[in-house]
Amino acid sequence: MIGIEEVPEPDESIDVFEDGLILPVPAGERNTIHFEERDGSNIQRLTASHVELRAGGKTVFKAPDVKLDVFITDARVAFACSKFDKGGGWIGGPATLVLNAGSKALAARRRRGKMLVGQMRFPWISNVGSTTKTGWLSEENLYFDASFSKGESCRMTLQLPKNVSASRAAAEIARRAATYRLAVEDELSDDERQALEQLAECEPLTSSVKNQISFHQFPTHWFVNEKSARLSPAEIAPAAAAEALRSPVEVPSATAEVPLPAAQVPAAEAMPSVQLEEVQVFCEQCGARVGEHDRFCASCGKLARVETSSRQDDPQVAAVDQTSAR
Amino acid sequence: MITLLIVLSYASGIVAILHGLAKPASEWVAADRNRGYWLTMMVTGTVLGVGLIATAFYVVGVVPRYASGEENVFRK
């Protein structure tokens, strides 16, 4: 979701779709990323000054006082920052001029060839909300709630300038996310579909109470992993992504440890490149493909389980006001 | 001559401060410059009589970075 990535060389061949599943692929220019086909052409650009990721009640990543270019596309909200490490900060007498200059030079050297990038793909979003600047101690903030697995939720916060309406941005993101999910997910229940259709036409939410977050809630969402990152509209889904999504690994029980035997896979769903006797298993923790006979995931080392339909059902459909944690 | 310099110093400092205040917060963020820090520096420089120097720093370090004609659809 958020990380510091190396900027690919101009002559380096990259697969933007595969390489950008969890983190966007930085581009050569400052504060830019490589866009995918599913990002579409209507990309709205914002500037943010602060990004924070909280998980498990702790701040796991924070970048204050930076310039982030935020991109709202048809498939995700992504951001990039080239100058994420500024250095400086020395205060005092004349010597601070030299110290600050040296610190800034070292910081420039540290961040050379790297970029701070992050993204929130629309299937991952369980809630998208905002707060409004109403005084000294409030800000125009965008909030994104997501989950890595059952019980492991996270919140990403972007701080916008005070003359930018975070509530309008949140509504735009909610509309685009709902539209995207309606386009890529075939197996939606009537309630889910109705809720997403309502979200696809939602209006900005406002609150007169200081620091109260107004959320647009999604009925269900996907865990943050490579499988959910591959969700794409059928007409532009790369072949590899389509194969991964059609892998028959859904099981009714979240605690099942044994892969489905091949006999339970309907023949119509099997891809030509996948033999009926080969069962596709994905790690429940990181989403990486696991060998048929492997008990443990080679990527993260966790016990390999058959991945459930990793959507988290949420009984509440309407937007709920929550007080922000300060 | 000295009087002229003093007048120019204060005038340029005031103009630069007003220019900075008129710029919206989003343009300061897009310029990757701290609005509070720069306005404080310009006010301090103007009060101390070195408004010309403060203005020069502002013109060189901030003004070229302002986004020109960038549309912000979410502007209040």
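Let me start with a definition: helices (H or I, at least four residues) and strands (E, at least two) are DSSP runs, numbered from the N terminus. With that in hand, chain B reads α-α-α-α from its N terminus on, which comes to four helices and zero strands. Its C-alpha atoms fill a box of roughly 50 × 20 × 20 Å along the principal axes.

Before we go on, a word on the ground rules. This is a predicted model, where local features need pLDDT of at least 70, side-chain atom pairs count only at pLDDT 80 or more, and totals for chains, interfaces and linings use all residues. Residues are numbered from 1 along each chain as its sequence is written, chains are lettered from A and ligands numbered from 1 in the order in which they are written, and side-chain values use heavy atoms, with hydrogens and water left out.

Now to chain A and its sheet. Five strands form an open, antiparallel sheet in the order β1-β7-β6-β5-β2; two strands count as paired if DSSP finds at least two bridges between them. At the edges sit β1 (2-6) and β2 of chain A, each pairing on one side only. From one strand to the next, the twist averages 25°. As a reminder, strands of a sheet pair through backbone hydrogen bonds, either parallel or antiparallel. Look at β6 (residues 76-81) and β7 (residues 114-121) of chain A: six bridges join these antiparallel strands, and Ala78(A) has Gln119(A) as its bridge partner in β7(A).

Helix α3(A) lies across β2, β5 (68-72) and β6 of chain A, at about 135° to β2(A). Such angles run from 0 to 180 degrees between N-to-C directions, with axes fitted to C-alpha atoms, for helices over the stretch in contact.

Next, salt bridges, meaning a side-chain nitrogen of Lys or Arg within 4 Å of a carboxyl oxygen of Asp or Glu. Over all chains, the structure holds 13 of them. One joins the side chains of Asp39(A) and Arg76(A) at 2.7 Å, N to O. Asp39(A) lies in the loop between α1 (16-19) and β2 of chain A and Arg76(A) in strand β6, so the pair ties together parts 37 residues apart in sequence.

So how do the two chains meet? The contact (heavy atoms within 4.5 Å) takes 22 residues from chain A and 14 residues from chain B. The area buried between them is about 1,500 Å², with 52% from carbon and sulfur atoms; that is the accessible area (1.4 Å probe) that two parts lose on being put together, summed over both. Lys67(A), Asn163(A) and Arg168(A) supply 34% of the area that chain A buries against chain B, more than any other three residues.

Which side chains form a salt bridge with N to O at 3.1 Å? Asp32(B) and Lys86(A) do, and the count between the two chains is one salt bridge. On the side of chain A that touches chain B, β2 (44-48) and α3 (166-184) each give two or more residues, and β2(A) gives the most, with four residues. Thanks, everyone!
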